[in-house]
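Hello,

Here is the structure I promised to pass on to you. Have a look at it first, and then read on for what I found in it.

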Amino acid sequence: LPPTLEQSIALFVPEHRPIMKKAVQEAIDFGTPYDIELRKFTITGRMIWVRVQGYAVIENGKVIKLFGAVHDISDRKQAEQYEQFRSGILEMLASVETLPVILKNLVLGVEQLYPDMLCSILLLDDEGKHLVKGIAPSLPDFYNAAIDGVAIGPDTGSCGTAAYTGERVVVEDISTYPYWAHYKELAASANLAACWSQPIRSSTGKVLGTFAIYHRQTNKPNTNDINIIEQCARLASIAIERNLASEKLHDSEEHYRLLTEDASDVVWKMDKDSRFTYISPADEHMRGYSAEQVIGQHIFELLTEEGIANLKKKAIERHKAEQQGEQTGTMNFELQQHCVDGTLIWTEVRSTPTRDALGN
């Protein structure tokens, strides 16, 4: 027998039942057709997204029939939600968020979209021999602790093997797979039955870590699953490389400061618009200005008219040489500068350009 109206509405998830009920009631009361997207349960208990369209046939002010059509739109909805998730991660990558926060959001985002998946990210240590710093909030603590620092190799589970070979490793049944011989009891204790692991590679192809998807039942990936694990590994790669670049820049700046902070000569850095981005403490001894007073200022603000004229002359010389295809190097010249107490001093300047990869 066909289900009653109440039985049909009961198939929708609890939070969407009132929406469906209201749509049907308005169709009955006012003849308003409806076209809405809701989540419902299938006969087997699986949750899907559907598009529900319907209307009431009314004669002499009475409803004689209700027509309805239900279309499965789960694939489209999932694609839309994944794109929203991906855009959110990309926004985080463009912000100042830390690497652990980004990777944790990446893992939790996939798990929210695909509730039957449990995800983890493991990073290679500096020597490239061990997997460390695991991000796997949904896996048991004892499991994460056991694999932290595991050496990569040809038979060290899905992740250790993927990191060692640089290839994706798909294990549909942990209990029977040789890669997991030494870890299958640990996996069983954590109620893990399948694990697919994708190496996270840098832009130069170097393995940085692994992105893994676990299942509590034996499971074989489909085309969509492979796309997910590949795309998530790429997002993780962007986050890790950005973090590595930031660390290198910080180390470089720290090294630069170590070389300049105790120098008796004044050392400064300027951007291409001739505004100070760094000045060493020696300037306070020479001219009396603190770094806070100088950073962000244009160099002309610190020079006399004669000093400005000398600098402009040198800038024109450099510009003409660059236009003729010459990559100019260090230039030496003299500048007259103001001191904080109003006195003037003459300084000898040695100026060297910093270039990008294209030589600009």
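Of the 360 residues in the protein chain, 36% count as buried. Please keep in mind as you read that this is a predicted model.

Along the principal axes, the C-alpha atoms fill a box of roughly 100 × 65 × 40 Å. The chain contains 11 helices and 13 strands. If you take the contacts with a separation of 6 or more, 46% of them are between residues 24 or more positions apart.

As for the surface, the protein chain exposes about 21600 Å², and carbon and sulfur atoms supply 51% of that area.

- E2 with E3: strand E2 covers residues 47-59 and strand E3 covers residues 62-72; they run antiparallel and are joined by 10 bridges. Gly-54 has Gly-68 of E3 opposite it. Two residues lie between the strands of this hairpin, and Asn-60 in the turn has a positive phi of about 55°.
- E12 with E13: strand E12 (residues 331-338) pairs with strand E13 (residues 344-351) over eight bridges, again in the antiparallel sense. Here Gln-336 is the residue opposite Trp-346 in E13. This hairpin has five residues between its strands, and Gly-342 takes a positive phi near 95°.

One more residue to look at is Ser-120, which sits in strand E4 (residues 118-124). Is Ser-120 buried or exposed? Its relative accessible area is 3%, and anything under 20% counts as buried, so Ser-120 is buried. Which residues is Ser-120 in contact with, leaving aside its neighbours within four places in sequence? They are Val-107, Ile-135, Ala-136, Leu-139, Thr-210, Phe-211, Ala-212 and Tyr-214.

Best wishes

Technical notes
Residues numbered from 1 in each chain as written. Predicted model: local features only at pLDDT ≥ 70, side-chain atom pairs only at ≥ 80, totals over all residues. Heavy atoms only, no water. Helix = DSSP H or I, 4+ residues; strand = E, 2+ residues; numbered from the N terminus. Buried < 20%, exposed > 50% of the residue type's maximum accessible area, 1.4 Å probe, protein only. Contact = heavy atoms within 4.5 Å. Areas by Shrake-Rupley, 256 points an atom, 1.4 Å probe, with all protein chains shown as cover. Pairing = 2+ DSSP bridges.
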